[in-house]
Amino acid sequence: MGDGYSFVVVANRLPVDRTTGEDGEQQWTRSPGGLVSALAPIARTSGGAWVGWIGAPDDDTGPQEVDGIQLRPVPLSAQDVDRYYEGQSNSTIWPLFHDLVEPPVHRREWRQAYEAVNRRFAEAAAEVAADGATVWVHDYQLLLVPAMLRSLRPDLRIGFFLHIPFPPVELFMQLPRRAELLRGLLGADLVGFQRPLAAQNFLQLTGSLLGLQPHDDRVGYEGRTVVARAFPISIDVAEIDRLAADPAVQWESDRLRADLGDNRRLLLGVDRLDYTKGIEQRIEAFGELLAEGAVSNDEVVLVQVATPSRIRVAQYQQLRERVEREVGRINGEYGAVGRVPVHYLFQSRTPEELVALYLATDVMLVTPLRDGMNLVAKEFVAARRDELGAMVLSEFTGAAAELEDAFLVNPHDVEDLKRAMLAALDAPPDDRTVRMRRMRSRVHGHDVDRWARQFLDALDDPDRAKD
Ligand code: ADQ
């Protein structure tokens with residue numbers, strides 16, 4: 001075991017995408033995204049490895065190195081993907097942890113697959129970790145891994161970070177085999193959440209479900225201390241800033257503005273197509289503003305970029321149909337030849353294209369019904385070097401706790417959405433600049449590197465890191 005890795009990341013997905021080279025050879029490239037760019041340097045300099053699924057079923061690619069990161073793939077069969085990933089992770093835990101925005105589905109065979117796959121992740125991590133290594137487990141797909149890993153390797157220092165909200169006690173209590181899931185998390189030394197309230201929910205649950213006695217930010221369990229604390233995640237600010245300063249990106253932004261109509265103001269939504277993101281409610285509110293004549297097709301345009309996500313899950317297919325029907329209805333009713341009020345793109349876009357869109361935007365719409373953090377909100381702010389642009393932001397995102405200068409909104413209330421959209425459109429330029437400046441200073445002081453460092457320092461020594 002002595003020759004393993006001293007730092008191991010365990011996440012559902014490996015941080016790589018498959019591409020096909022010019023000669024037809026399959027290659028792996030590092031996937032974009034803040035988490036990967038924050039952890040890759042740490043993994044590289046500290047002799048680290050990353051355990052995760054390669055993203056395609058029945059792929060038995062072996063261990064390999066990509067861009068300096070040692071990858072240890074955990075293969076999943078088509079049935080594993082169906083039951084562990086699309087089933088228990090995304091049709092049971094995801095909706096339940098997001099306040100039952102959609103009803104969770106409970107199936108025994110999904111739970112069994114979830115446990116079996118979590119065990120394989122834990123075994124893979126136990127195999128590659130050096131003596132006394134630090135292991136950082138991520139997210140709701142792997143709630144059982146910390147305890148499984150601890151029983152295999154009591155010598156490890158284990159951290160867990162939950163990227164999504166942690167539900168209130170009475171919602172968590174609805175989960176079949178809830179105590180086992182909670183004990184899974186208690187296998188960690190440090191459990192990190194996006195918000196302090198989530199950490200409190202977790203600690204309270206250890207009392208009400210397991211009869212433990214949480215105190216302050218920790219709880220004693222099986223002779224150890226488990227610390228639970230908030231570590232709000234962020235983005236690679238320097239990278240977004242670099243893209244925003246790139247003349248090619250700025251040129252693309254000007255071109256988008258011209259294509260959409262220079263005299264129209266642009267509202268923008270960028271999300272995975274997910275029912276937690278409030279896309280339907282946002283489009284409905286925009287449709288009502290058009291119907292009431294509060295805005296017109298000549299004055300405003302809404303661009304909604306929605307990345308395809310979990311497309312085999314029924315609730316996501318139904319959402320897609322509802323959104324597309326509503327966009328068609330609004331464009332049919334209020335559009336003109338060559339000019340429609342809603343541009344809907346069911347597509348993934350490159351970071352350059354997203355930043356060009358952010359730069360072209362007058363009002364950014366980030367209106368999830370519930371969201372752990374929401375990185376799009378922070379990317380928009382980081383991109384606006386010109387200190388212009390307003391943001392409508394849901395109170396139910398983690399980001400709202402940090403970006404209080406946005407136009408905050410209750411996305412369940414269509415009237416409130418309409419009010420906030422109009423307020424953001426009508427805000428005097430000075431007011432928008434003051435708000436943007438404050439939001440930028442918050443985002444600049446808290447980038448994803450700092451987030452990762454704070455988590456790992458606290459994992460190393462929770463009391464030192466607290467000062
Ligand atoms: P997500 O639910 O995926 O993340 P979010 O935080 O907004 O949500 O991150 C989405 C990322 O995907 C952003 O970096 C964004 O730029 C990118 N993206 C979105 N639409 C895209 C498109 N059309 N094309 C290309 N890229 C697109 C989960 C939790 C969040 C939490 C993050 C990180 O649900 O609450 O903020 O993890 O912890």
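Arg 72 is found in strand 6, which covers residues 69-73 of this predicted model. Its side chain makes a polar contact with the side chain of Glu 127, at 2.8 Å. Leaving aside residues up to four places away in sequence, Arg 72 touches Leu 14, Trp 50, Val 51, Gly 52, Pro 63, Ala 124, Glu 127 and Val 128.

The next part is a pair of helices. Helix 10 spans residues 279-292 and helix 11 spans residues 314-334; they pack at an angle of about 15°, and their axes are 10 Å apart. Because angles under 35 degrees count as roughly parallel, helix 10 is roughly parallel to helix 11. The crossing of the two helices is left-handed.

On the helix 10 side, the residues that meet helix 11 are Ile 279, Glu 280, Ile 283, Glu 284, Gly 287, Leu 290 and Ala 291. Helix 11 contributes Leu 319, Arg 322, Val 323, Glu 326, Val 327, Ile 330 and Tyr 334. Sorted by class, this contact has 9 nonpolar, 1 polar and 4 charged residues.

In the side chain of His 163, an N or O atom is 2.7 Å from an oxygen atom of the ligand. For Glu 379, a polar side-chain atom lies 2.5 Å from a ligand oxygen atom. Gly 372 instead places a backbone N or O atom 3.0 Å from an oxygen atom of the ligand.

How values were computed:
Residues are numbered from 1 along each chain as its sequence is written. This is a predicted model: local features need pLDDT of at least 70, side-chain atom pairs count only at pLDDT 80 or more; totals for chains, interfaces and linings use all residues. Side-chain values use heavy atoms; hydrogens and water are left out. Axes are lines fitted to C-alpha atoms, for helices over the stretch in contact, and angles run from 0 to 180 degrees between N-to-C directions. Helices (H or I, at least four residues) and strands (E, at least two) are DSSP runs, numbered from the N terminus. Angles under 35 degrees count as roughly parallel, over 145 as roughly antiparallel, 65 to 115 as roughly perpendicular and the rest as oblique. A crossing is left-handed if the near helix is turned anticlockwise from the far one by less than a right angle, and right-handed if clockwise. Contact means heavy atoms within 4.5 Å. Ala, Val, Leu, Ile, Met, Phe, Trp, Tyr, Cys and Pro count as nonpolar, Asp, Glu, Lys and Arg as charged, and the others, Gly among them, as polar. A polar contact is a pair of N or O atoms within 3.5 Å; within protein, one must be able to donate a hydrogen and the other to accept it, and residues adjacent in sequence count only if both atoms are side-chain atoms.
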